[in-house]
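This report describes one protein model together with its ligand. The sequence and structure come first, and the notes follow.

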Amino acid sequence: MTSLSAEQATRPAPAGAEALLRLSGVVAGYGGGDVLKGVDFEVPPGSITCIVGPNGAGKSTLLATVSGLLRPRQGRIEFRGRDLVGTSPKGILEQGIVQVPQNHSLFREMTVRENVEMGAFLVRDRAVVRRRLDEIVEQFPVIAERGKDKAGALSGGQQRLVEFARCLMLDPKIVVLDEPSMGLDPKTLRAVFATVRLMHEQGRTILLVEQNARAGLKLATHGVVLENGRVRFTGTGQEVLRHPEIGALFLGGAARSEPASPARQETTGEMNRD
Ligand SMILES: Nc1ncnc2c1ncn2[C@@H]1O[C@H](COP(=O)(O)OP(=O)(O)OP(=O)(O)O)[C@@H](O)[C@H]1O
Ligand SMILES: [Mg+2]
């Protein structure tokens, strides 16, 4: 796979004071190697920010550092201006950053309703739990219809929606979704994305990783291109979607089946307009 040319990366984006979440110079990895090699980007409040990039680019690793599951070796992760590095995963959930992981994560032998209720495990006030559950049941018909069924009996798309519902029990400030479309047929994908759009319309900020880059960027207000552990471009979803080189690299389908080559240009920043 080719890397983007030097001319197409620009200086780092100026630090906007208004970011809800801001990563600066984040280096992280497992064992000896670094997977993230100095990642900078911002999640504006009220955005759907979509991260795209080839398999192995470090997208899930990036979300793991945001959720506190992996501690960055260098750099800062600021949420509402406060550094999150060193905060426990539980502390990060309590602050309102709630992730739905890439692989299905429901307890298959428990009922749909029990799974959703468990989402509120950090909420002590039972009245709050009941109120949120009522709101969520109204928003997600699958919970009303299949609430007493075992979660494992649901289709993949229905399980995704239950996972979304479960995360909303914590009233998140940022909903973090890792490849919500994975394994879904086009019709189910549209239903799942419609729910993402609904959560956004209800005022949630969404940070999304999407293997289906074209669909993800269409849904998004902001796009981030991650390649080989570095941010290559940021822009609006449309800007990233329309960029010819991004199209060739990530949206044509072929790029995802090739191994990532080392990035030639390490500068991160805003996308260059043609
Ligand atoms: N728990 C782990 N231990 C060791 N290495 C890991 C671990 N998780 C991921 N990696 C490695 O880190 C690199 C980035 O993986 P990551 O899962 O973040 O990529 P990704 O962009 O999410 O890919 P995909 O599109 O396939 O989900 C890969 O080389 C992977 O093998
Ligand atoms: Mg991943």
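What percentage of the residues of the protein count as buried?

## Overall make-up

The answer is 44% of the 274 residues. The model is a predicted one. Its secondary structure amounts to 10 helices and 10 strands. Of the contacts between residues at least 6 apart in sequence, 71% link residues at least 24 apart.

## Confidence

Mean pLDDT for the protein is 85, and 85% of the residues reach 70 or more. Residues 1–16 have pLDDT below 50, and this stretch has 35 contacts in the model beyond near neighbours in sequence.

## The four-stranded sheet

One open sheet consists of four strands in the order β2-β1-β4-β5, with antiparallel pairing. Strands β2 (33–43) and β5 (82–83) are at the edges; each has a single partner strand, so one side of each lacks a neighbour in the sheet. Inside the order, β1 (residues 21–30) and β4 (residues 74–79) run antiparallel and are joined by five bridges. One residue pair can be named here: R22 has E78 in β4 as its bridge partner.

Helix α1 packs on this sheet and touches β1, β2 and β4. The direction of α1 makes about 70° with that of β2.

## The six-stranded sheet

A further open sheet has six strands, ordered β6-β7-β8-β3-β9-β10, and its pairing is mixed. Its edge strands are β6 (97–100) and β10 (230–236), each of which pairs on one side only. On average, neighbouring strands of this sheet are turned by 15° against each other, direction ignored. Strand β3 (residues 48–52) runs parallel to β9 (residues 222–227), and four bridges join them. The bridge partner of T49 in β9 is H222.

Helix α1 packs on this sheet too, where it touches β3, β6, β7 (174–178), β8 (205–209) and β9. Its direction makes about 150° with that of β7. Helix α7 (residues 186–201) also packs on the sheet, touching β3, β7 and β8, and its direction makes about 150° with that of β8.

## Helix α1

Helix α1 touches strands of the four-stranded sheet, namely β1, β2 and β4, and is mostly covered, with seven of its eight residues buried. The buried residues are K59, T61, L62, L63, A64, T65 and V66. After the helix comes G68, which has a positive phi near 80°.

## The ligand shell

Which residues surround ligand 1? The shell is made up of Y30, V35, G53, N55, G56, A57, G58, K59, S60, T61 and Q211. By class, these divide into three nonpolar residues, seven polar and one charged.

Helix α1 (residues 59–66) gives the most to this shell, contributing three residues. K59 and T61 are in the shell, and both are among the buried residues of α1.

How values were computed: Residues are numbered from 1 along each chain as its sequence is written. Chains are lettered from A and ligands numbered from 1 in the order in which they are written. This is a predicted model: local features need pLDDT of at least 70, side-chain atom pairs count only at pLDDT 80 or more; totals for chains, interfaces and linings use all residues. Helices (H or I, at least four residues) and strands (E, at least two) are DSSP runs, numbered from the N terminus. A residue is buried if 20 or more other C-beta atoms lie within 10 Å of its own, exposed if 12 or fewer, and partly exposed in between; C-beta atoms are placed from the backbone. Two residues are in contact if their C-beta atoms, placed from the backbone, lie within 7 Å. A residue is near a molecule or strand if its C-beta atom, placed from the backbone, lies within 6 Å of it. Ala, Val, Leu, Ile, Met, Phe, Trp, Tyr, Cys and Pro count as nonpolar, Asp, Glu, Lys and Arg as charged, and the others, Gly among them, as polar. Two strands pair if DSSP finds at least two bridges between them. Axes are lines fitted to C-alpha atoms, for helices over the stretch in contact, and angles run from 0 to 180 degrees between N-to-C directions. pLDDT is the predictor's confidence in each residue, from 0 to 100.
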